[in-house]
Amino acid sequence: MPLPEGPSRARIARYLLGQELRSLLLSPALWLLLAIVSILVGYSFIQAVALYSQASRTALSFPELAAGMNPLDGILVPTFGAYYLGETLLLPFVAIRLIGLDKESGALKLLLQLPLSPLSLCAIKLAAMGLLWLLTLLPAGLVLLFWHKMGGHLHLPETALLFAGHGLYSLVVVTIAMFAAAISDSLPTAAMISLAVTLGSWVLDFAVSGQGGTMALLGSFSLTSMLHRFETGLLATSHVAALLGLALFFFLLTTFWLRPGRTTLSRLGASLVLVGILASLLAGVLQTSSALDLSENRRHSLNPADSRALRHLEGTLTMTIHLDRRDSRLLDLEHGILARLRRAVPHLVVRYAATGATGLFGASEDPKYGLIEYTYEGRHDQSYSNSAEEILPIIYRLAGITVRAEPVPAYPGYPLVADAGPTGWWFYLVIPLLCLAAGLHGMLLNFYQTHR
Amino acid sequence: MTIETGGSRDGELSVRGLSKRFGGSRVLSDITFSVIPGEILGLIGPNGAGKTTLLESITGLCPVESGTVCRHGRELGPEERRRILWYQPDNILPFARQRVATTLSFFRHVHGAATAELDELITGLALDAILAKPLQTLSKGYRRRVLLAIALLSRQPLLMLDEPFDGFDLRQALSVMDLLRRHVARRTMILSIHQLSEAEKICDRFLLLDQGRLLGIGTLETLARQAGLAPDATLEEVFLALT
């Protein structure tokens, strides 16, 4: 009698997802990650609320300072800084197990014989990791809940963007760890490769700060820098595409390297082709990059009337900046009006003029140092100012247009004096103890079953 | 020396011209043979003969330099191989930290085997006592039995087992042979075995492999004739004569 047919691929995928979740939940590394993240998040949250309250006391006395009290910058970003540490330093140790453990135990040889492609197999493993990543958001969820209960304000779009940024960053870290496990023979090697990439990106971010040209462009696409964009409430298609592209790149590389029966040479060839395709796609995305300001205080936006007027400039606006790369005035300019102009003006050319040698106390000997020159359709003007209030009128004068600002509601700011100290029980005790119990449960069960 | 490679029968699996190198050394040299449906083919050779590499090459788990695996005269791609072949490697510990019962249940589900079939295997392989224990804590013999259960739960018509009797005492080996004999009524098997006495007891035909070279394939009688020995020669005598 012939053997009956096996189950459908969808059913196999469902069983495999269950198995992956079981394997991850049995891993002490996951519970350790959650416990450490909880402690770090709790500490960051309590400290952030204390500092925010201190600043709020002054703002409540002087209402004109209230606009500076922004919960995104004051509470959420510092609190999520703890997640950044967890995602960069601890998450790879959990994620490498997805492939590495099966490879070490030999289970992968069995799984690769199931009627599922390596792509499906990796997708199921990634889905399992994604579900458990949601579990690690428990401390973040508590932060939002406690902040809300304290009377704190939350702007949903910028909060959601912050979560999305960390989600994308984690996705990249997980796929890097999966790839590292796919090309390594042991878990420690895979861990070292993953950390080399994530920490390397961190170092890159430091190394290129204050530099221009290609290095600056490279730095703006380091993982850390891209995550930072999400923390400011700016949804830039280029950064979303870059993070998704990187995740897809490492995911596909993993599937190539797990595909059985291929030589190392053919895997390397496929990897190179993939690098080429990704680079072309990213170049295309960067050409058509657009951004959406989701911050409540519209920090990345110009007045709507200014945006409309600048979008209609048909000629090329050239700005020549006589400032050193490390000069704080240039940094203010770059992160302030220049970033907005880059998004609004269709044809903008920014030139960084050589600033010459610096003097005895670091000041430049160049008489033009600090100057910003503007050229539009043969007309020329210059100024030492780096504020939008002075720069925009210069541009309008050169373009021969008059722009009347539209009235927009001012950002009120949300000062709040609160004490987050009592919430420490949850972050320092309840969640870590639950994690410890869950981690120990697996270990004790193992011990009991072994010695029964 | 002429090597019989087996006739061309409908439904069989044919391996043609399989060759593989590891670095500078050749580990498989132009291996060609056919498997007859419903038989147990013993892959016989000393340690390092290339038995595991041959099985992994047939399954498609490791790359080969040249050669094809065909069924009904048609070359099998990776997906078709996954549908037709199941290879159970030696010395693996799948999902080692979880209970044996959970692991077996997972493989029963992904293979689509019936609960009764799993129960029968648990009884047949005497696994009841260790179902609640994690695989990593079991003795070599028990681990081997769990792996055998996983293999026998598979649905693929051709089953390839790497050293299925390693770690068993004589009584256990005979019991497992009996179980395999019952299963072979529904499928074909290739067993990689380095213990000649056990191979002689269970296999219908033998493929002798040494240093990646195919020395001969056929029944014991055929191989004895090929080696110039009496028809009642043992597998050990045949192997020694041919190497």
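**Notes on a strand in chain B and a loop in chain A**

1. Let's start inside a sheet: Leu41(B) has Ile190(B) as its bridge partner in strand S8 of chain B. Strands here are DSSP runs of E with at least two residues, helices are runs of H or I with at least four, and both are numbered from the N terminus. Bear in mind that this is a predicted model, where local features need pLDDT of at least 70, side-chain atom pairs count only at pLDDT 80 or more, and totals for chains, interfaces and linings use all residues. Residues are numbered from 1 along each chain as its sequence is written, with chains lettered from A and ligands numbered from 1 in the order in which they are written.

2. S3(B) pairs in the parallel sense with S8 (residues 188-193) over five bridges, and with S9 (residues 205-210), also parallel, over four bridges. Two strands pair if DSSP finds at least two bridges between them. In S9(B), Arg205(B) stands opposite Leu41(B).

3. Is S3(B) enclosed or open? Five of the five residues in this strand (40-44) are buried, so it is largely enclosed by the rest of the structure. Buried means 20 or more other C-beta atoms within 10 Å of the residue's own, exposed means 12 or fewer, and partly exposed is in between, with C-beta atoms placed from the backbone.

4. Over in chain A, Gly106(A) is in the loop between helix H3 (71-105) and helix H4 (107-111). Gly106(A) counts as partly exposed because it has 16 C-beta neighbours inside 10 Å.

5. As for confidence, the model scores ipTM 0.93 and pTM 0.90.
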